[in-house]
Amino acid sequence: MTQNAENVLDHLELFRGPEYQQMLANKQKMFENRRDPAEVERIREWAKTPEYREKNFAREALTVNPAKACQPLGAVFAAVGFEGTIPFVHGSQGCVAYYRSHFSRHFKEPSSCVSSSMTEDAAVFGGLNNMVDGLANTYAMYKPKMISVSTTCMAEVIGDDLNSFIKTAKEKGSVPMEFDVPYAHTPAFVGSHVTGYDNVLKGILEHFWDGKAGTAPKLERVANEKINFIGGFDGYTVGNLREVKRLLGLMGAEYTILADNSDMWDTPTDGEFRMYDGGTTLEDAANAIHAKATISMQEYCTEKTLPMIAAHGQEVVSFNHPVGVGGTDEFLMAIARITGKDIPEDLTRERGRLVDAIADSSAHIHGKKFAIYGDPDLCLGLARFLLELGAEPTHVLATNGSKAWAEKVQALFDSSPFGKNCHVYPGKDLWHMRSLLFTEPVDFLIGNTYGKYLERDTGTPLIRIGFPIFDRHHHHRYPVWGYQGGLNVLVWILDKIFDEIDRNTNVPSKTDYSFDIIR
Amino acid sequence: MSVTKTETIAEIKARNKELINEVLAVYPDKTAKRRAKHLNVHEAGKSDCGVKSNLKSVPGVMTIRGCAYAGSKGVVWGPIKDMIHISHGPVGCGQYSWAARRNYYIGTTGIDTFVTMQFTSDFQEKDIVFGGDKKLAKIMDEIQELFPLNNGITVQSECPIGLIGDDIEAVSKAKSKEYGGKTIVPVRCEGFRGVSQSLGHHIANDAIRDWVFDKIPADAAPRFEPTPYDVAIIGDYNIGGDAWSSRILLEEMGLRVIAQWSGDGSLAELEATPKAKLNVLHCYRSMNYISRHMEEKYGIPWCEYNFFGPSKIAESLRKIASFFDDKIKEGAERVIARYQPLMDAVIAKYRPRLEGKTVMLFVGGLRPRHVIGAYEDLGMEVIGTGYEFGHNDDYQRTAQHYVKDGTLIYDDVTGYEFEKFVDKIQPDLVGSGIKEKYVFQKMGVPFRQMHSWDYSGPYHGYDGFAIFARDMDMAINSPVWKMTRAPWKRAAPPSLMAAE
């Protein structure tokens, strides 16, 4: 018997005991009809070959381990960034259970969101009744300031019309006529979660700016000196938005963060559950029309939102999830240019400290090869930082990356001597990445939690940066933007590099000669 | 701190009824009427819990439930390790359920085993407009090419499939023929079907019946020599290794486990199950259908059991043994005796720390009743419970064998109701899912996830009970709960939520 009360063994150790090992071996041999181990080994080796890679890249229909989610997830992410707002997802209810779980697993936070719970009868007759009842219930129970409606693929396939449904629901008294119910169609079979973010943010701003679906006069833009800031779909939203507020404060800029979910996904444990916390006020969302300019940190999260804002007369500027010195420089210079304020000495010193840290450590990163996967903007931001560090972003892959994105990544490669042997892979998945890592190995892999399967199979050490991160805690509380954020990313990369050096030099009287205490 | 200790049963019942009225007051009339049928205070001696169940969730209330796809792909089929399960439709469903359920297995992932992978047809607009059957056929070809050691394929339908009129059965049949009779199973588990995960379980069970069992030739020789002691474990998903810490006990008492459904299971095990002498059923809710079918078609009896906590384990081992001869009956006694010292030590260590602590549960279709005995073995009391997707027969079992007089019962509880109940009752522990975990922890209430074992486990069997006891102790007695209120704010009463 392996178990004992004094030192309770759980799954981490329990099954390694001889009784369990014997039991599992018997099960395998007697009942599982397992393949011949030699055959498994042969296929395992074959799956590492260039020949396999070629077949793998010839795939046209099958997707295996994609690095993207569906639109409705991004819809919820954007919606909870507004004060007192509950996302209301029109369609099947299981989807909502999935989004809530997904966010709770990443942020380790509650994630409130409701569904209109459409079932078979709604598939036949449409989901109008679900909308009417659902809005009434949500309004009565959760006392929101705003209900942000988006859709699942079910509602999209049957063609439910949100605009008319919401109108009908208001006429039937589900919510008061003047109550804010912005909406966006977010079909799961178009784009990815970053598209859903874009659609909902656009929908909410249009709601406030363009007359609340015909129920109020359109707002007249009276330009002021403020700037709007959009973070985009970002696993580091908590740390990043707080860092951005600090930076903009130091700059003395007047600003509005649009879809500010930094408090929503970082509430205290103090005896109170806050269903709503922080967020962009609805007044600020409306007044954002008057801003001088809008800055998006993620171009591919705001492909529709920014042109809409530009059409209202604002300057719009977008970045690609800037990480590191150059990206932050450009961001701050854009703020300085738009606001007419100088970049303060404090920030210049912060910049110097990040450059100092890079100078101290670059010898350990220089020339190292990295594979990166993630959302399109994040890939660009990280690749750019690696090039700054003298590293090579050898494989850059985004399942939700477009051709235009790929061209942008290629242009980035072309801008640096370290980008010479680097390649970009739009629309590919992590099974493609697996082939890349076997056939063109790199030193390190940067990606989300699912990268741990690639790390295990290919032996490429994983640096966890991205979304979702389920198996490490609290990284979302740290910024990756600004010079401080660049320092965080630098340290995460360095920690992994040093851990690997130590791990490879720690066998006494064999490989111990490089096991240095000073690096 | 529990407030129930000093109250009489009558007082508790009155308080619980008052609480139910309080939560119903927030709803619009129509919804209040519907929800009232799902909330009740249990009366001892009644044959069920007095609530309606397995009905549509009310729109907009924040139900905790999932969908039929989750019940089929996520629960029943997903753990079958040597088959490839295609999440057929848009990318999201497969992504959010990817490797999240901790169905442990042994195998070379990506080569002969595929549980923790996400295969999807990643539907685009053109697939919705023109249909996805051609794409599905091509996907199967690509799977055969790239994953040649897969032993079968299932098609797990997402919402659009049933709405756009795709014929996944025809594609599956054609491809099965093309690949020499390969097992290819179309599953109509679109998320809009039914009212919860539950119909997905049923559909998945039926798919095994129709596309696995019915394909086995009547004269097929078994892969192994049958014995009188062959049993199959049905309805154990091997979460954190649960099926393994169960299997070891059955084997120790002299039985031979020929199949696990479906945690760490394989196609061969599914196919072998009609040769079992007894099916032992843990998760009644998700696999009673196939057990009944095997009883009718193959004459295999089935028996429900409960491997949570030593009292129920001993009862269950004896019940299972009663289907066999003295050798097995003696084996059961031997196993119970062997683990008795371990159980005594676990209870001696943890019971003093947990005695009298109160628990509120809200889980899926089995655990809202099944874990009650384990808590009671530790001197704890379950004062509220409910099912996400239980049916009336679950509530009958709950009433007749598990809950005490005055227990608060809440079926398909809404976020609002659950928060309000917990806030007012202030149990010492809440056991529910990931979506509930942080809500209650923010309120300062200790919590354990009772779907995933909060990334611990196994909880089944004697080995699992030691872990269960340790985990409940670490949840309730963690020093963190003494720090939730700042010293200068400690007098403040707990508050609820924005809707208050």
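Predicted model: local features only at pLDDT ≥ 70, side-chain atom pairs only at ≥ 80, totals over all residues.

Student: Which residues lie nearest the centre of the largest cavity?
Tutor: The lining of the largest cavity divides into 13 nonpolar, ten polar and three charged residues. It comprises 26 residues, and those nearest the centre are A:His193, A:Asp375, A:Gly466, A:Phe467 and A:Pro468.

Student: Where is A:Pro468 placed, and what is omega for the peptide bond that joins A:Phe467 and A:Pro468?
Tutor: A:Pro468 is found in the loop between β13 (462-464) and α20 (482-503) of chain A. The bond that joins A:Phe467 and A:Pro468 is a cis peptide bond, with omega of about -5°.

Student: Which residues form one aromatic cluster with A:Phe467?
Tutor: Over all chains, the structure holds 50 aromatic pairs. The cluster that contains A:Phe467 also contains A:Phe77, A:Phe103, A:Phe107, A:Tyr197, A:Phe233 and A:Trp265.

Student: What is the volume of the second largest cavity, and which elements give two or more residues to its lining?
Tutor: The second largest cavity has a volume of about 150 Å³. Of its 18 lining residues, the closest to the centre are A:Cys95, A:Tyr98, A:Tyr99, A:Cys153 and B:Cys93. By class, the lining has 13 nonpolar, four polar and one charged residues. The elements that give two or more residues to this lining are α5 (93-107) of chain A and α4 (92-96) of chain B.

Student: At what distance from the ring centre does the charged end of B:Arg338 sit over B:Tyr339?
Tutor: A charge is taken to sit over a ring if CZ of Arg is within 6 Å of the ring centre and within 35 degrees of the ring normal. In chain A, A:Arg53 lies over the face of A:Phe57, at 5.5 Å from the ring centre. For B:Arg338 over the ring of B:Tyr339, the distance from the centre is 5.4 Å.

Student: Which strands stand at the edges of the open sheet of five strands?
Tutor: The order of this sheet is β1(A)-β3(B)-β2(B)-β4(B)-β5(B), with mixed pairing. Each edge strand has a single partner, so one side is left without a neighbour in the sheet; these strands are β1 (63-64) of chain A and β5 (184-187) of chain B.

Student: What is the bridge partner of B:Ile86 in β3(B)?
Tutor: Strand β2 (residues 83-88) of chain B runs parallel to strand β3 (residues 119-120) of chain B, and two bridges join them. In β3(B), B:Ile86 has as its bridge partner B:Phe119.

Student: Is B:Asp264 buried or exposed?
Tutor: B:Asp264 lies in the loop between β7 and α11 (267-272) of chain B. It has a positive phi of about 55° although it is not a glycine. Buried means under 20% relative accessible area. B:Asp264 has 1% relative accessibility, so it counts as buried.

Student: What is the relative accessible area of B:Asp454?
Tutor: B:Asp454 lies in the loop between β14 (447-449) and α20 (461-476) of chain B. B:Asp454 is not a glycine, yet has a positive phi of about 50°. This residue is buried, and its relative accessible area is 11%.

Notes:
Residues numbered from 1 in each chain as written. Chains lettered and ligands numbered in written order. Heavy atoms only, no water. 1 Å grid on protein atoms, 1.4 Å probe; cavity = no way out; pocket = protein on both sides within 12 Å on 5 of 7 lines; lining within 4 Å. Nonpolar A, V, L, I, M, F, W, Y, C, P; charged D, E, K, R; others polar. Points joined across faces, edges and corners; volume = space filled by probe spheres on them. Helix = DSSP H or I, 4+ residues; strand = E, 2+ residues; numbered from the N terminus. Phe/Tyr/Trp six-rings, centres within 6.5 Å; stacked < 30°, edge-to-face > 60°. Pairing = 2+ DSSP bridges. Buried < 20%, exposed > 50% of the residue type's maximum accessible area, 1.4 Å probe, protein only.
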